[in-house]
Every structure is written in structure tokens, then in C-alpha cells.
Amino acid sequence: NLTFTGIDKNRDNIEFANARKEYRGNKDINFYVDDATNLKIENGTYDLVISSEVIEHLTRPEELLSQIKRVLRKDGAAIITTPNKGNPMAALRKALRFLKPIIEDKAKVASENEHLSLKSFKEWIRLFKSAGFKVEKVKRGSLLFGGFQIDSPRILFLCALGLDLILDYIPFSANLAENNIFTLRKKDAED
């Protein structure tokens, strides 16, 4: 029996998710307002925890990792996605900021100030290990995270997609990605 629980600090997001749940008639999905750094969930509840593009918004990401470890069952897994600080594409995006007035009306660009804990690929791995996780797999996210700058001119989109496919076969390419996907395993006390 597979069940899914989603949490968010924002009540509006949870109300929207619950409305979608009701509309679709999903019975094995539950959404709650909760704080990821202080979960009201019993120890050892889940086999898998997914945290997508959350950890970089926290001033103390180790608090989230502690909570994830606590709510995972023995040998449970976590999948965490987060931006990769210092990747070349982020530098290119900063260099192209002069275009902002021209394209500002087409889309909102997320403020980097929202990212309170940006870390490099290696810094995240050190933090995960120090929090008691074994890093099982690291998957490179896309070279470019998308957005109107890339998606609009179709040739740029196709070039980025082609380059992404090639980079999947290059060992050090995780450092080049705009974001990374980490698969972690809760370490046993004897590990």
C-alpha cells in the first residue's frame, strides 16, 4: 500500500493541494501545513523522503537533514534536489543580467536572495555525510534550469538539450550542472 504525504509551511499551498486531491479523488495522499525543520511526524515513519528545491532556502540546512533522518525508517532513502553554487551557467546568467530590463516583462526572475544556503556539489556531499547519510548516487540536473532565456529561442533550447545529453557521459559534469539530485541512504549506527 503506497501512501504519499506532502508538507508545506504555506497554508495556501496546502489548501490548493488538498483541493486538487479532492477533485482527483485521491485517497492515499495527505497534505499538511508543517515546518520541515521541526516536523510533527513520528520517528521512523517513511521509507522515502523527497525534498525538491527546498534545502537551499533554509539558513540551517542541517536542521532539515536531521528531521529527514529522524522520520526515515531504518535504511530509508532521501532524494534531495538543490541548485549547484558556482556552476558556470549561474555565472553566465549573472553576466547577462544587463538584459533584465529588456525581458523583465516576459517572466519573473527568482531572486538569489531567496537562496540562503547555496553550496557547491562537494559542500553538499560533506554536509550530507556529516548529517549521517551515505551518498548513494548523484545525478546531474540540467545544464540550464530552463526559463524564458533558454526556452524562447528554440535553437538555444535544442542546443542546451543536446549538450545535456552529452554531459551525462562525462564524469565531472555534476560540477557543471545548474542543480544536482542526490540520493541518500540513512546510515545505521554501525555504518
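Reply: Lys85 counts as partly exposed, at 42% relative accessibility, and in this predicted model its side chain meets that of Glu123 in a salt bridge with an N to O distance of 4.0 Å. Lys85 lies in the loop between strand 4 and helix 3 (88-95), whereas Glu123 belongs to helix 5 (residues 121-130), so the pair ties together parts that are 38 residues apart in sequence. Glu123 is likewise partly exposed, its relative accessible area being 27%.

A salt bridge also joins Asp47 and Arg73, whose closest N and O atoms are 3.0 Å apart. This pair links distant parts of the chain, with Asp47 in strand 3 (residues 46-52) and Arg73 in strand 4 (residues 72-83), 26 residues apart. Asp47 has 52% relative accessibility and therefore counts as exposed, the cut-off being over 50%, while Arg73, with a relative accessible area of 38%, is partly exposed.

Arg185 and Glu136 form another salt bridge through their side chains, at 3.1 Å from N to O. Here too distant parts of the chain are linked, since Arg185 sits in strand 6 (residues 179-186) and Glu136 in strand 5 (residues 133-140), 49 residues apart. Arg185 is partly exposed at a relative accessible area of 21%, and Glu136 is also partly exposed, at 40% relative accessibility.

How values were computed
Residues numbered from 1 in each chain as written. Predicted model: local features only at pLDDT ≥ 70, side-chain atom pairs only at ≥ 80, totals over all residues. Heavy atoms only, no water. Helix = DSSP H or I, 4+ residues; strand = E, 2+ residues; numbered from the N terminus. Buried < 20%, exposed > 50% of the residue type's maximum accessible area, 1.4 Å probe, protein only.
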